[in-house]
Structure formats: structure tokens, C-alpha cells
Amino acid sequence: MAALKLMRAPQKYVQGKDALLQFEKELGFLGKKWLFVCSHSGYKATHDKIEKSFGDSGATRRYEIFGGISSNGEIEKMRKIVADEGIDVVVGVGGGSAGDTAKATAYYEKLPVVIVPTVAATDAPCTGLSVIYNDDGSFDKYLFYPKNPEAVIIDSDVIAHAPVSFLVAGMGDALGTYFEARACDRAHSLSLEFGGITRSAMALCELCYKTLREYGTQALVAAEKHVVTPELDAVIEANVYLSGVGADNGGLAVAHSFYNGLTSLGGHSAPHGNCVAFGTLVQLLVEQAPSAEFKEVQDFCLSVGLPVTLDEIGVTADEQVRTIAKNSCVEGETIHNMAGDVTPDELYDAIVLADALGHQVLGDNTEGC
């Protein structure tokens, strides 16, 4: 029996310049006692606007700076605050870890959760899952939720004043969305929500890619100048909403498995989205996509500063490539969503070819790995 088609998304998505000045107006219906789980930079970037939005509403707010990773200990600390103070709503403010901590806290305490991203570096805010770590920083588990966040609210002006590298990484993460979902759809693989892939999901994924191509370079310049333009807003939406809802309902394939394989090297510093972008190039070679499509994606990467070679993401030795290929293909990895599956040897060959083609287009005489 074919899997039932499934579509999930945040109940409310709010985005725009100074959107946080409307925080209480847009979301005040959720409760009167609020816990804000904040990164240090997230608190600084949002506190004054959020406070101004509440005015004299009578709602109580507690801002808590969390420890930096979405660990079991941090989640337990936040759960205790919720219980002791009778919190109604949990809000994650900052990057992915702050959001994941807030999501987990809200899930265990059966409360609504709101996500306030202060960078557009990943599509995590809109998804119905968290990455949970042990207190020593080691990976523990993926925590899947029965629903997506009640709301996501993004102040475009906050994004415009964040380091530009985050926006670029977000474009890299979003770049894989359409191609990974397309591969899953072709193979009748399940989405991240373990359902069949709807036409609506595929339309969002395709729009995500088209938006990046059309507005990516202009959005990058706008962010460099710290101004909010329609182009920047379009790419923020692509990075966060279109990619997040698209990936949730479309599924993952080679690009994210490549990233997971890369993490097995330990100590790598390249942003998640940068690695996914290179992994997308690898995937196109694995599935023998037309050369024109590969070049189109490669040209996009070059236009916004995403990597097209392995050394740009810190991989410099053949042994590392073989380790990545092996660990990208372990049981349970999303690479197995590909039609016909992919072996470590096949993936190794595609990685080496993607790297060589990158060096070629850069006019680099070195051979890469």
C-alpha cells in the first residue's frame, strides 16, 4: 500500500522589516506567561523590539540565556523554569540550537512554541524536529514532533544586520531542497515526516530553488549593505520557510547524507549549508543530471560564494573523501532514498568528479583530492 500523502507546516509565519514590533499583536493570543530561550546574540538583537511590542499588555516575560547547544541538560533546565513559573508559551530566539531547545522544552511540557530566528542560516525554524545532544556535546538523537511550531516570526532587519556568511550558508542549505525532494519523489521515498510527497510540497521546493536563482546575488549585496529589500526578503523566505516546509514534506537524499558523512571526520568548521551546497553538486552527478543543470547549480554557487571544491569545506586528503563516502552510506542515511541506491564507491567517484569540475571552473591547476 502506498504511503498516505502528508503536508505539515507552522500554523503561522510572519516576516518583514521590524516584524518583532508586532510580536504581541501577532502572537499574544497564545498565552500570558512567556519564556524566551535566547542565545547571547539573539537576546541583544531582539529584546528591545519584543519588549516594546508588549507595551502595557500585562503579559509576563522571562528571558533565559541558554548554554549554546540543545543538550538534555539545557532542556531540563528550561523545563524546570516552565514548571516553577507556570509558563504558557516557549519561544526560541537565535540560531538553530536555541530553537531546538525551545521546541523540545515545549514538546515535553505540552506547550505551544514560537521560533524567532536571528539568522537565516538553515531551514530548521519551520521543521517539526530537533537535534538533541548529550551534555558533553556529543550527538544524542533526532527528536521528531507530532506537529510543527505554532509560529515562526522573522524580523528582516535583524537578518540584514547579521553576518552575511549566515545568509550564504542558508542559501546553501536551501539549494539542496528541490533536488533532494525531486529524488525522493522519483523513487517514491518518504518525506521527513514519513509520508508520501504531495504536489504542494514539490511546488514549494521548486519555488525555493527558483527564488534563490533569481534573487540570491541581489540579496547578498543587500545584506552586505544592511538594507532590507524585496530581494533579501525573498531569499529569507526561501532559506527559512520554503526550504523548511519543503524539506519536511519533500525529503532528503545525497546532499544531506554527504554532510553527515563529513561530520564523521570530526573537527570540521565549514557551515552546514556550505557542505550541503557541495553535496548537492555531488548528488547531481550521482543521478546523472544533465550537464546544463549541473552547470546552472555550480554557477549559482559561484555567484554567491558557496563552495564548488572540497578544499573550500576543509577536505584536503583522499582518505578523508573515502571516509565521507563510507559514512554517508551507512544504514538509515537519506542517501538510500535515491532510486537504485548508491554505494560508497559510487559516491566517492561523484565527490572526486564534483571537486575536479570545481577546480576546472575556477581555473585552478591543482588536482584537488
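Ala277, Thr280, Leu281, Leu284 and Leu285 of α10 meet Glu293, Phe294, Val297, Gln298 and Cys301 of α11. Contact here means heavy atoms within 4.5 Å. Helices are DSSP runs (H or I, at least four residues), numbered from the N terminus. The model is predicted: local features need pLDDT of at least 70, side-chain atom pairs count only at pLDDT 80 or more, and totals for chains, interfaces and linings use all residues. Residues are numbered from 1 along each chain as its sequence is written, and side-chain values use heavy atoms, with hydrogens and water left out.

By class, the contact of α10 with α11 has 7 nonpolar, 2 polar and 1 charged residues. Ala, Val, Leu, Ile, Met, Phe, Trp, Tyr, Cys and Pro count as nonpolar; Asp, Glu, Lys and Arg count as charged; the others, Gly among them, count as polar. The axes of α10 and α11 (residues 291-304) come within 10 Å and cross at roughly 170°. That makes the two helices, α10 and α11, roughly antiparallel. Axes are lines fitted to C-alpha atoms, for helices over the stretch in contact, and angles run from 0 to 180 degrees between N-to-C directions. Angles under 35 degrees count as roughly parallel, over 145 as roughly antiparallel, 65 to 115 as roughly perpendicular and the rest as oblique.

Now turn to the contact of α10 with α9. The axes of α9 (residues 254-263) and α10 (residues 272-286) come within 7 Å and cross at roughly 125°. α9 and α10 are therefore oblique to each other. On the α9 side, the contact residues include Val254, Ala255, His256 and Phe258. On the α10 side, they include Val276, Gly279, Thr280 and Gln283. The residues of this contact of α9 with α10 divide into 9 nonpolar, 5 polar and no charged.

Look at Ala255, in helix α9. Ala255 is buried, with a relative accessible area of 0%. Buried means under 20% relative accessible area, exposed over 50%, partly exposed in between (1.4 Å probe, protein chains only). Not counting residues up to four places away in sequence, Ala255 touches Glu180, Val276, Gly279, Thr280 and Gln283.

Asn239 sits in helix α8 (residues 230-250). Asn239 is also buried, at 0% relative accessible area. A polar atom of the Asn239 side chain lies 3.3 Å from the backbone oxygen of Leu167. Leaving aside neighbours within four places in sequence, Asn239 is in contact with residues including Ala120, Asp123, Leu167 and Leu212.

Conventions: Polar contact = N/O pair within 3.5 Å; in protein donor to acceptor, adjacent residues only side chain to side chain.
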